[in-house]
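Morning, everyone. I have one structure to show, and a few minutes to show it in.

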Amino acid sequence: MVMPGISRRTLLRGALAAGGAGLMAGGERAGDLLTTDAAAATPWRSAPEPGPGRLHEITFEAAEREMALFGPGDAPVRIWSYADKPFPVVRVSRGDRIRAEVHNRLPEHVSVHWHGLRIPNAMDGVQYLTQPPIQTGERFTYDFAPPDPGTFFFHPHCNESGQVGRGLAGIMVVEGDERVKPDGELILAVKDWRLGPDGRWLEFSTPQGASRGGTFGTRRSTNDQRAFAAEVPAAADLRVRLLNLDSSRVMEIGIEGAAAAIVAVDGHAVRPIPLDRSGQETWRMGPAMRLDLLVRTPKPGAVAKIVDYQSAEPWTVAALAATGKPRRRGALDADILYRPVFPEPDLAHAETLSWTFMAASDSVASFADAAGSDPAQRLLMDSLCVSERTYWAINKLSWPNAADRRLPPPLGVLTAGRTYRFELVNATPHPHPIHLHGHVFRVVSSSERARMPAYAADTVLLSPKERVEIAFVATAGDWMFHCHILEHLETGMMGYLRVV
Ligand code: C2O
Ligand code: CU
């Protein structure tokens, strides 16, 4: 099995000079209106059942590799990765099976957690909870069939700030959701790197960062380029798979110079949600969140930009320079995906549970007190999975720190097959992207938004003081439930749910 990297589609890997002034060229007026209303009025087609599928045998070699991360001419960096480059891409189709053998050649134990995939709990890749750690020199084989099409990623689950911070993660694309083929595709993986000027790593976690919004990288990048630019076919429909693989950064994504719509959130299709090219309509993406866009690229010679407006200075995620003969005319019809296939929650018969994400200083209990006599209690043998410090909690319970290395009892026990409605309350002044393993949930309501597009996700961003409701059908297993700002999960804002 080949593992094409991000640069698989060479046409889209830009040869353009980076970030040149005046790249922005307005974009077209005619024919770039969205036909969302028409789409909403038409029935949403289901994907045909997949055939028997193929087996993909993959080998990952988790190792340190020295490379010029930002291209030749830059100081070499010692990255950690599963393959020859950071963020290898695994591309399969719905119905296919993956057998991934992981060899660990790193000085620390690792695992592979397949973020967002609804796969059996034993394949979920959480050290100590769902599998023993893959120690240095050891191997482990994951074997599963991804049930949902979409854009996903994978990463280890202990010392994530250090391991993912050095690049240990990858991208998974599961095909099978396109009713209409776009003209091209581009994967954009966004990550900041915490590097000093000499190419050495700076410390990945700091008390100031961990206790607030997270420790940020010193260099932003898209696909390991400081200013990502690509040539794309002109007036064409381009599917952009955008992933926020950063440890801490929240982005607010908009587009300039092209018509575009969100067609999937965290991999799962939505009826198109227009992104306004003037930056009026945007979508916020915390760490771990993904967005699939359909972009109608501009006329030949013009450049469209995907922009992050969250930073004080808007940052260009990607500059897309249109070349060649125009491919399409008329309005962008972004209604190209089939409806998603995950089980829909039964809201009328849901049980409601409430979770408050808070500072640990508000804690009155600890897992040690709550532990009682859980027979499944194991030891978290090493400090890779627990932090010295505790700043955060969920419902007053903090993930153990170095003083208490027992695996805590679950935050809650749920019944498989039943619909749960979770109320998620952010009692802090910081945003938190909250992730539940092994499930896809509907985002039902938010205290901040009167109207919300219908969408499903595996990670939902809670703004400061926001209250969000999600709903899902529970599947059997022990499933981690945590903030995806890596320093937050490492300093207390993590737990798990037991579904029986
Ligand atoms: Cu990307 Cu525990 O998750
Ligand atoms: Cu958080």
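A donor, here, is an N, O or S atom within 2.8 Å of the metal. Water is not among the atoms, so a site may look incomplete. And please note that this is a predicted model.

Start with the metal. Which residues coordinate the copper ion, ligand 2? His432 through ND1, Cys483 through SG and His488 through ND1. The distances run from 2.0 to 2.1 Å. In sequence, the donor residues of the copper ion are spaced H-x50-C-x4-H. Buried or exposed, His432? Buried, at 0% relative accessibility. His488 is buried too, also at 0%.

Now the rings. The count comes to 18 aromatic pairs. Take one of them: Tyr82 with Phe154. Their centres are 5.8 Å apart, with 45° between the planes, and the pair is tilted. Tyr82 lies in the loop between strands E2 (77-81) and E3 (89-93), and Phe154 in strand E7 (residues 150-155), so the pair ties together parts that are 72 residues apart in sequence. Tyr82 has 0% relative accessibility and counts as buried. Phe154 is buried as well, at 0%.

Last, charges over rings. The charged end of Arg166 sits over the Trp80 ring, 4.5 Å from its centre. Arg226 has its charged end over the ring of Phe70, 4.9 Å from the centre.

Terms used
Residues numbered from 1 in each chain as written. Chains lettered and ligands numbered in written order. Predicted model: local features only at pLDDT ≥ 70, side-chain atom pairs only at ≥ 80, totals over all residues. Heavy atoms only, no water. Phe/Tyr/Trp six-rings, centres within 6.5 Å; stacked < 30°, edge-to-face > 60°. Helix = DSSP H or I, 4+ residues; strand = E, 2+ residues; numbered from the N terminus. Buried < 20%, exposed > 50% of the residue type's maximum accessible area, 1.4 Å probe, protein only. Lys NZ or Arg CZ within 6 Å of the ring centre and 35° of its normal. Donors = N, O, S within 2.8 Å, 3.2 Å for Na, K, Ca; no water.
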